[in-house]
Amino acid sequence: MTDKIDLLPGTLDLLVLRTLHTLGPQHGYGIARRIEQVSERRVLLNQGTIYASLVRLQQDGWIDAEWGVSDNNRRAKFYSITSKGRQKLTRESEAWWRLADVIESFLEPRETDR
Amino acid sequence: MKRWLRKLVAVLRKRPLDDELREELDAHIDMLTEDNLAAGMEPDEARRRARLAVGNPAVAQELHRDARGLPTLESFLQDLRYAYRTLTRDWGFTLVAVSILGLGIGANTVVYGLVDALILQPLPFAEPDRLVWISNGEPGATNPSLLASRVLTFEGWREASTQLADLAAFSPFFTRDSWALTGDGRDPEPLKGVLVTDNFLGLLGVPLELGRSFSTQEVSVDGPAAVIVSHRLWTQRFESDPALVGRAIELNDVPYTVVGVLPRDFDFGSAFAPGYRVDLLLPGILEQMAGWGNTLSVVGRMTPEATVASTRQELEAITTNLKQERPELDGWVVFANTIPLQEQVNGPVRGALWLLWGAVILVLVIVCANLANLMLVRSVSRRRELAVRAALGAGRTRLMRQVLTESLTLTLFGVAVGVGLAWAALRLIVSRQAVVLPMLERVRIDGSVLTVTAATTLLVALVIGAGPALQVARRGGLAALGQSSRGTVGDRAEHWTRSGLVVAEIALACTLLIGAGLLVRSFGQILEVELGFEPGRRASFQVSAGARYADEEVGRFHLDLLDTLRSLSGVEGAAFSDNLPLDGNRSWGLRRSDDPDGEDSISAYVRLVSDGYFETMGIDVLAGRELTRDDTDGDPVVVLNETAARTLWPERDPINESAELYAGPTRVVGVVADVRHNGLDEESGAEMYLPISRFGVRNFSTVVHTDGDPRAMAGQIRGAIRELDPRIPFNDYRPLDHLVDRAVSSRRFFMSMLAGFAGMALVLASLGIYGVISYSVGQRRAEIGVRLALGARPGRVLGEEMRRGMVLVGAGLAIGLIGAVLASRFIGSQLYQVAATDPATYAGMGAILFAVALLAGYLPARRAARTNPVSALRSDT
């Protein structure tokens with residue numbers, strides 16, 4: 001297994017928003033699990049720290065939070081993306097793609113290896 | 001903005017939010033555990049891996065808190081709580097520090113309150129910077145008679161000036177008149193009233209509470225008798241009756257219709273006649289007053305484009321023209337000296353107040369130095385604690401912030417105490433009218449005072465916390481862990497700082513002591529001034545013979561009153577005067593009869609007095625005789641004072657010489673000693689005494705000379721007066737001492753304040769010395785113990801320790817003395833017959849400071865000499 005990637009600050013926010021956009025309302029564990037899945041475990045994520053991101057996103061108004069009941073009857077806090085959050089997601093995604101394009105044109109083409 | 005508010009809320013809701021997170025984390029771990037179980041792990045393993053994946057809950061909590069709240073604010077609050085705990089645990093230090101701070105800040109607040117109300121705030125009139133005062137004299141002239149203007153000049157200015165939108169005037173000689181308020185069934189009350197022009201209130205922009213100002217008829221000859229009453233009179237005597245306007249009140253037996261009530265915040269006396277309470281405004285009938293001579297004090301309002309300089313120029317030009325055009329002005333002093341009204345109102349006290357402010361700021365500097373020293377000493381003893389904190393992860397910035405928060409908390413305690421003290425002190429000063437100062441009534445602790453106090457607080461907190469904070473910045477806390485907790489002696493920078501602070505304290509205290517000493521000596525000189533009359537065992541009250549006495553009856557009234565008083569046992573003498581010393585005056589021209597052109601005429605203060613006046617007042621008769629009852633009829637006679645006599649007749653005795661007054665020829669029959677009439681620090685000038693009954697004067701002051709304390713006679717005298725005429729008011733019966741008191745009141749006030757500050761400074765400086773030596777002795781206990789154990793004589797140890805201290809004191813004294821000399825020019829204007837570099841005062845204060853500092857240094861040094869060598873060596877802490 002290759003080394004896990006440290007997430008750049010702020011990118012976790014993007015992943016969270018994307019996850020909520022795709023999956024709909026989720027609790028903290030669900031979001032963490034999804035991120036690990038999608039990134040095929042390439043992302044180094046201390047799962048407890050996700051809550052700091054979540055509360056920040058909440059204060060900025062990109063996501064909402066509500067206490068609810070999970071599948072197996074646990075009391076958990078569910079987070080959902082807001083319309084403002086969706087707009088932010090679109091903006092950030094575009095920004096990332098643009099950045100990625102620019103960087104890619106500078107770097108040497110790599111071999112696809114794992 | 002909303003986000004910030006949310007964060008603030010999160011700080012306040014710390015505990016519930018923490019609980020919520022804990023719940024979320026628990027749920028998270030549970031769910032992960034279940035998934036692990038589903039994947040086939042053993043229960044224990046499942047849970048363990050789940051916990052690992054979630055990570056350290058404490059870290060999650062911290063990150064969560066930082067993300068949701070305001071970390072800076074939270075750490076500040078934490079520091080505050082901590083500071084509060086440390087300070088309350090260390091009672092001794094905190095008490096001393098807070099007391100010192102409280103005194104220093106309190107004193108500053110008081111003085112700033114005075115400066116603000118008396119000098120900085122604009123006058124309570126509309127657009128006060130447009131108002132000017134126009135006086136008839138050279139700047140610096142003090143004879144009010146020479147400062148007032150004639151009606152003719154006033155009207156001339158009014159007509160011709162383009163720089164002034166309008167001029168108004170009042171008569172400044174109102175102080176000797178008394179208006180008896182009678183007729184409403186209560187005790188007759190003696191009131192002061194001033195004559196004003198009809199546009200006086202309008203020009204100043206004073207809105208009346210009720211009614212209106214005077215109409216044109218009311219200021220015309222034979223117009224209706226009208227009066228405007230003060231707010232105080234309206235509330236206290238008339239119970240705020242809204243129907244007072246339109247009613248008539250009886251003043252000196254004449255009904256006057258009340259046409260207006262003044263607003264609460266207009267106090268005529270406060271602005272124009274400090275020390276007098278004026279309750280009535282009466283119409284100034286210019287036509288009548290035109291014949292009275294110089295009787296108007298003039299106020300003008302400039303047009304928006306005018307300046308004081310342009311106004312002054314214009315008025316001077318107009319005055320010159322007037323003198324040429326109007327022959328009536330020949331022989332009269334006519335000037336137009338224009339200054340801003342603000343300068344007229346508070347000019348006399350400005351110098352003293354700035355001085356006081358400077359002094360109290362020096363006191364604050366001493367307070368800061370003292371506290372900085374205390375904090376430095378304290379910080380040494382807390383080095384271990386800081387070191388531990390640093391080891392636990394506190395960065396330098398955090399430690400510095402904590403130190404500064406502590407000094408801020410301490411300062412806030414001090415400010416709370418200080419502002420409380422200041423408030424009480426100011427209330428005392430204002431309510432008891434402890435001092436005669438213009439605009440005193442509006443002194444209070446208001447927004448601007450509090451703002452300045454807040455700024456001072458921050459500054460002080462910064463200054464006193466700077467020492468420990470810099471220590472932390474330099475050392476970073478950890479280094480201290482490695483040292484022996486005895487502390488290092490060799491920290492040069494700190495040692496020098498402490499010594500330097502003490503030297504500064506001593507120097508400043510020395511300067512303040514010298515300043516105070518000079519003022520005290522000056523005041524002593526003033527009190528020793530030969531008044532010329534004897535205020536002890538004498539009292540006065542004002543009498544006005546109202547309209548119920550016809551003109552012919554006034555003479556009889558005078559005689560009856562005198563006889564009644566003189567017949568009382570316990571009364572050694574009684575007499576009248578229209579003007580008491582130190583209580584207002586006026587002057588007339590006087591010349592010798594053989595000087596028809598009046599080339600050598602003088603201006604003399606006039607007193608209209610009854611027979612027996614000189615004896616009653618204790619004024620020495622130097623030649624000739626007193627005035628007697630017979631002088632009422634027959635040839636006009638006059639008694640002169642020494643100065644007048646010598647000026648007009650330098651070559652011989654003026655007895656039986658002939659002189660000329662405006663009223664006609666008169667004969668000199670006596671010469672008496674000079675009396676200080678204007679103020680204690682001014683020469684008497686020429687004075688003349690004329691028989692009061694010749695002039696049918698209805699308003700005068702009665703003086704009684706009693707056997708014992710005049711206050712004890714009050715009841716008897718009141719009874720006798722009441723029998724004679726129950727409408728004569730008696731509420732202002734006061735010992736003559738109060739005249740002297742009022743004359744020296746502001747001088748005494750400033751002297752006392754400065755003396756108080758100097759005292760504070762002395763105490764603080766000695767504490768400083770005590771502290772420094774005490775500390776140094778404490779640090780070197782082991783070393784001293786060794787020396788004593790090895791046979792050094794205790795006396796020698798004592799001497800050495802003291803020498804350290806005295807070197808500092810010597811340096812401080814030297815700097816202080818030089819500083820005092822340099823600053824002496826600022827205090828010169830406040831002194832009376834004492835040089836600003838008076839060697840006796842300098843030497844005396846220096847000696848006092850030295851002696852006190854010596855004692856302060858001796859006590860800890862003695863402790864050092866008495867150290868028990870064994871215990872000193874044994875205790876390794």
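## Strand E14 of chain B

In strand E22 of chain B, B:Thr706 is the bridge partner of B:Val571. This is a predicted model, where local features need pLDDT of at least 70, side-chain atom pairs count only at pLDDT 80 or more, and totals for chains, interfaces and linings use all residues; side-chain values use heavy atoms, with hydrogens and water left out. Residues are numbered from 1 along each chain as its sequence is written, while chains are lettered from A and ligands numbered from 1 in the order in which they are written.

E14(B) and E22(B), residues 699-706, run antiparallel and are joined by 6 bridges. Two strands pair if DSSP finds at least two bridges between them. Helices (H or I, at least four residues) and strands (E, at least two) are DSSP runs, numbered from the N terminus. E14(B) spans residues 571-577; 6 of its 7 residues are buried, so the strand is largely enclosed by the rest of the structure. Buried means under 20% relative accessible area, exposed over 50%, and partly exposed in between (1.4 Å probe, protein chains only).

## Chain B as a whole

Chain B holds 28 helices and 23 strands. Its radius of gyration is 38 Å, whereas a compact globule of 877 residues would have one near 29 Å. That radius is taken over C-alpha atoms, and the globule rule is 2.2 Å times the number of residues to the power 0.38. Along the principal axes, the C-alpha atoms fill a box of roughly 130 × 80 × 60 Å.

Of the 877 residues, 52% count as buried. Among contacts (heavy atoms within 4.5 Å) between residues at least 6 apart in sequence, 82% join residues at least 24 apart. Chain B carries 89 positive and 100 negative side chains, with the centres of the two sets 15 Å apart. Lys and Arg count as positive, Asp and Glu as negative; His and the chain ends are not counted. Each charge is placed at NZ of Lys, CZ of Arg, CG of Asp or CD of Glu.

Helix H8 of chain B covers residues 151-160. Its buried residues are B:Val151, B:Leu152, B:Thr153, B:Phe154, B:Gly156 and B:Trp157. Their cover includes strands E1, E2 and E11 and helices H12 and H13 of chain B.

B:Ala148 sits in the loop between helix H7 (144-147) and H8 of chain B. B:Ala148 is buried, at a relative accessible area of 1%. Leaving out residues up to four places away in sequence, B:Ala148 touches B:Asn136, B:Pro172, B:Phe173, B:Asn294, B:Thr295 and B:Leu296. The C-alpha atoms of B:Ala148 and B:Gly137 are 8.1 Å apart, with the two residues 11 apart along the chain.

## Strand E8 of chain B

E8(B) pairs with E3(B), residues 179-182, in the antiparallel sense over 2 bridges. There, B:Leu251 is the bridge partner of B:Leu181.

E8(B) also runs antiparallel to E9(B), residues 254-261, over 4 bridges. B:Ala248 stands opposite B:Thr257. The hairpin of E8(B) and E9(B) has 2 residues between the strands, and B:Asn252 takes a positive phi near 50°.

## A sheet in chain A

In chain A, 3 strands form an open antiparallel sheet in the order E1-E3-E2. E1 (26-27) and E2 (63-69) stand at the edges with a single partner strand each, so one side of each has no neighbour in the sheet. E2(A) and E3(A), residues 75-81, are joined by 7 bridges. A:Glu66 has A:Phe78 as its bridge partner in E3(A).
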